[in-house]
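This report is meant for a reader who is meeting the structure for the first time.

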Amino acid sequence: MTTPAGGASSAPDEHDSRGDTRKIVGILAALAIFIIVLYGYIIPLQGGFISSTAIRADDLLGADPQFEAQMPIQEVDLGASGRSIFIAFVMLTHILFANLHLGGAWMLLSLVILDLASRKERYARLGMSLALFNVILFSAGATFAAAGVLFFISLYPTFAAQGFHIYWWPLLVEAILFGIEIFFIYTLWFTWGRIRGAWHVFLAVGYALSIYFQTLAIDTFVSGMLTPGEKTITWGAPGLLGMPWIDYLQWWFNPTLWPLQFHRVAAAVSYFGFLIALLAMLHFRDRTDPPSKKYWDWAGSFGILWGLVGLVAQPLLGLWYMYSIFSHQNQAFTNIMTGPRAWEMLMMIGLLSLLIVTVSVYFIERRERLLVRLGRHDIRNLFRAFAIVAAVAGLVLVQPAWLGGIMQFDPGTWANPLGLMYYKHIAILVLVAIGTIIIGIDLLVLREHRDKEWGNLSRASWMAALIAGVLGSWIVIIMGYVRESARSPWLFYNIIPVPGGQTYPTPVPPFQIFVVWMIGLGLAFAVFWFTSRVTSYHPEREEEV
Amino acid sequence: MNRNRSRRLTYAMWIAIAIYIGIAIYVFWHFGFTKLPPPPI
């Protein structure tokens, strides 16, 4: 796509307005090869097709009978894993909608402040677009959440009765915060440009905090399923508190609550940033007028930077989260790190590596013309080096630690000398450093020079931003699946099992979950794009920069 | 924005980025290399 928008700017030599699309082909080929090798080779050789229900069969024998199924199991006609597939689809799709708020609120707050500080039209325009986008899609996220609750009650009644009882107070807080959150976001959008700036900032902060605490409320439940606060569920007398206050605190503020909460916020920020980049690219292609081309090119870059900020925060928070699981639910840790679910972590980190490579390619291609014009060959070469080093780090990170056994330390397994965690820690650190330095260069070194270039988006950078949007969204729902399958075959770890025993194995098998991911992503992207078409404000004239 | 102020802000942000990378190295050292399970010998 050649897009000489916004007037004739003579293309400097060495610059190809199409960009180097071979890099994009390379990224897509690497993704395809990775998925094929993972599904065709690594998963079978790490026991990934064997259910946790079968592997942990002996543990299930020790489950308290009162927490087994008390009613006939409700099937949904999707096979032995049907109930799990049903819940996975509803809840993972819910995450894609709910994270619009958890991540979007912070991006929106930044736009409100930037609008106030700089008075540039583009900040207000994008802020209004995001606010209206989130206002309209609020109901979709809430609908999936409500449907999920109904499905939990119908498909897992014993778990639902116990869980909703333990978490009554956090869930009440969450329900109230639904109202507060919609008040803030709706008022923020409706009063845009009609009230003083300080009130606007207040509304944006209120929106961000309400969704933060709403997520914290539901995270007490979600984290408590993986690391329950007690060894069993012991009820007391009827009253406002069904068990001693101290026991409730153990359940709610369990060991993985805070790492999960902060990791979720960072992941949501990253997801929302990359999603906005994806939508901006679609608008860029959809619009033909130069002011819109410039504006959506800028919006894509703004989204990518936010995506990168959230992305570089995640490995640190993720390590804290993994250490908490290692310390407090060691068996779950072995499931996902040295056991049959390790492929999920490989997939997640593989996509994360590819995302960093893709973002590097975006900056190589997007800033190529600018860097040539400025004569900054040093930065140009640095971006290229980053893409290569990130690819090498990615190759280290996708190495399976072992093959030929369900558990890494089973007799007879082959230990991969390249799959040591030491190397992987270093590789992740390299990716974090690359991401952080890219943010610094783009924001601090090139900031003042970028404005003249908006609109000249090459095909290669356009495609890189699209791929980043897809990968950034995919990673979020893989993370949700990792946490759920780490817990299998338990609903509350070592307390309430998935009812039905070996007849209803969990977690959702690899191929089925792949289909769930594709359907969830396809549905969400279609809704996002069609909503974005009616919620986006486009520039009516050229903005003075 | 005043040019000197802009330059100071830029330096401050580079320092913040360097500190973040330092924190990342510390976190990985603290949790990753020393506390999570070592590879089998």
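To follow the packing angles below, note that an axis is a line fitted to C-alpha atoms, for helices over the stretch in contact, and that an angle runs from 0 to 180 degrees between N-to-C directions. The model described here is a predicted one.

**Two helix pairs in chain A**

Helix H17 of chain A, residues 459-487, packs against helix H18 of chain A, residues 510-535, at an angle of about 135°, and their axes are 11 Å apart. The crossing in which H17(A) passes H18(A) is right-handed. On the side of H17(A), A:Ser473, A:Trp474, A:Ile477 and A:Tyr481 take part, and they meet A:Ile513, A:Trp517, A:Gly520 and A:Leu521 in H18(A). Sorted by class, this contact of H17(A) with H18(A) holds 6 nonpolar and 2 polar residues, with no charged ones.

A second pair is formed by H11(A) and helix H13 of chain A, residues 342-374, which pack at an angle of about 145° with their axes 12 Å apart. The crossing of H11(A) and H13(A) is left-handed. From H11(A) the contact takes A:Ser301, A:Ile304, A:Leu308 and A:Leu311, while H13(A) supplies A:Leu355, A:Val359, A:Tyr362 and A:Arg366. The residues of this contact of H11(A) with H13(A) comprise 6 nonpolar, 1 polar and 1 charged.

**The nonpolar cores**

The largest nonpolar core has 157 residues, and those that touch the most other members are A:Leu108, A:Tyr207, A:Leu351, A:Leu355, A:Ala465, A:Ala468 and A:Ile475. With neighbours within four places in sequence left aside, A:Ile475 is in contact with A:Met348, A:Leu351, A:Leu352 and A:Leu355. There is also a second, separate core of 6 residues, among them A:Ile233, A:Tyr248, A:Trp251 and A:Trp252.

**Two buried residues**

A:Val508 lies in the loop between strand S4 (496-497) and H18 of chain A, whereas A:Gly303 has its place in helix H11 of chain A. A:Val508 counts as buried because 27 other C-beta atoms lie within 10 Å, and A:Gly303 counts as buried because 27 other C-beta atoms lie within 10 Å of it as well. Residues up to four places away in sequence not being counted, A:Val508 touches A:Ser81, A:Ser84, A:Ile85, A:Ala88, A:Ile513 and A:Val516; on the same terms, A:Gly303 touches A:Gly273, A:Phe274, A:Ile276, A:Ala277 and A:Ala280. The table sets out one residue pair for each of them, with C-alpha to C-alpha distances.

| Residue pair | Apart in sequence | Apart in space, C-alpha to C-alpha |
|---|---|---|
| A:Val508 and A:Gly472 | 36 residues | 22 Å |
| A:Gly303 and A:Tyr271 | 32 residues | 9.5 Å |

**The contact between chains A and B**

The contact takes 16 residues from chain A and 17 residues from chain B. On the side of chain A that touches chain B, the elements giving two or more residues are helix H11 (290-328) and helix H15 (421-445) of chain A. H15(A) provides the largest share of that side, 9 residues. By class, the side of chain A that touches chain B divides into 13 nonpolar and 3 polar residues, and no charged residue is found there.

Key
Residues are numbered from 1 along each chain as its sequence is written. Chains are lettered from A and ligands numbered from 1 in the order in which they are written. This is a predicted model: local features need pLDDT of at least 70, side-chain atom pairs count only at pLDDT 80 or more; totals for chains, interfaces and linings use all residues. Two residues are in contact if their C-beta atoms, placed from the backbone, lie within 7 Å. Helices (H or I, at least four residues) and strands (E, at least two) are DSSP runs, numbered from the N terminus. Ala, Val, Leu, Ile, Met, Phe, Trp, Tyr, Cys and Pro count as nonpolar, Asp, Glu, Lys and Arg as charged, and the others, Gly among them, as polar. A nonpolar core is a set of buried Ala, Val, Leu, Ile, Met, Phe, Trp, Tyr and Cys residues joined through C-beta atoms within 7 Å. A residue is buried if 20 or more other C-beta atoms lie within 10 Å of its own, exposed if 12 or fewer, and partly exposed in between; C-beta atoms are placed from the backbone. A crossing is left-handed if the near helix is turned anticlockwise from the far one by less than a right angle, and right-handed if clockwise.
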